[in-house]
Amino acid sequence: MGLPLRMNNLHAPTVPSGPTSAPATNGNATNLSFAQLQRKKDDVEAELKALGGVLDSHGVDMDTPLLTRDGFPRSDIDVAQIRTTRARIIWLRNDYKELMSTIEKFLHEHFESLSEEDPRPTASSSRDEAAMLADADLNTLEAPFAKVNTVAAGGPADSAGLKPGDEIRSFGYVNRNNHDGLKKVAECVQGNEGHNIFIRVSRPTGATQREELRLTLVPRKDWGGRGMLGCHILPL
């Protein structure tokens, strides 16, 4: 009789979870503006962080066994609350993945429309399609989160115009706030093989000067080298 009471009593530091059987939060995300999508993303990240704090407060994670060797619920932890919290985390992670896909699609369409409406001159190299960012964008640039270490000749990164020393400000939907040790970069690459990924990089041009560029990268497995990018990226 005490089980339902404990399951409904998700104490601090959790946040209201809502019904886990409801449709995905971003079910109508295609009709939202980018600002609204960004707010949804921030809300999901905040709730995931809070729910992670709940598990930490119990000294468990997503994989900690909740049963004894005899198959009975452990008496030293609140098994009901932990199970409810884990279920919510799994649901939110799936929701977050779908939301990131929607944001990525939005960015693709946005930058493609910009390219069609305001084509920029290409650089002297036929493979370098870097576009200078407008001066107005400089005030809203996100801090870099990764640095290009090496670039293989003839690879997708080389074709996009990436160079060693470039600092990455955004990689598709990935930025400093959500890159998760560059794991999200790998997810973005795996989910966009053969498709455009728009990235923003900051490139040193002198002792105190930098050039802000927007590049288009197309991950490919068949370019003749290792990986899908042909470059090595390090976190900052």
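Reader: How many Å is the polar contact that joins the side chains of arginine 88 and glutamate 47?

Author: The model is predicted, so local features need pLDDT of at least 70 and side-chain atom pairs count only at pLDDT 80 or more, while totals for chains, interfaces and linings use all residues. Residues are numbered from 1 along each chain as its sequence is written, and side-chain values use heavy atoms, with hydrogens and water left out. A polar contact is a pair of N or O atoms within 3.5 Å, in which, within protein, one must be able to donate a hydrogen and the other to accept it; residues adjacent in sequence count only if both atoms are side-chain atoms. For arginine 88 and glutamate 47, the contact is 2.8 Å.

Reader: Does arginine 88 count as buried or exposed?

Author: Arginine 88 lies in helix 3, residues 79–117 (helices are DSSP runs of H or I, at least four residues, and strands of E, at least two, numbered from the N terminus). Buried means under 20% relative accessible area, with a 1.4 Å probe and protein chains only. Because its relative accessibility is 7%, arginine 88 counts as buried.

Reader: Which element gives the largest share of the largest nonpolar core?

Author: This core has 41 residues, and those with the most contacts inside it are Phe145, Ile168 and Phe171; such a core joins buried Ala, Val, Leu, Ile, Met, Phe, Trp, Tyr and Cys residues through side-chain atoms within 4.5 Å. Elements giving two or more residues include helix 2 (34–58), strand 3 (167–171) and strand 5 (210–217). The largest share, 10 residues, comes from helix 3.

Reader: Leaving aside neighbours within four places in sequence, which residues are in contact with valine 60?

Author: Valine 60 lies in the loop between helix 2 and helix 3, and it counts as buried because its relative accessibility is 6%. Isoleucine 77 is 17 residues from valine 60 in sequence and 9.0 Å from it in space, C-alpha to C-alpha. With contact meaning heavy atoms within 4.5 Å, the partners of valine 60 are Leu55, Ile77 and Ile82.

Reader: Which element gives the most to the lining of the largest pocket?

Author: A pocket is an open set of points on a 1 Å grid over the protein atoms alone where a 1.4 Å probe fits, with protein on both sides within 12 Å along at least five of seven lines; lining residues have an atom within 4 Å of a point. The lining has 23 residues, with Leu48, Arg93, Tyr96, Lys184 and Glu187 nearest the centre. Helix 2, helix 3 and helix 5 each give two or more residues to the lining. The most, 7 residues, come from helix 3.

Technical notes. Buried < 20%, exposed > 50% of the residue type's maximum accessible area, 1.4 Å probe, protein only.
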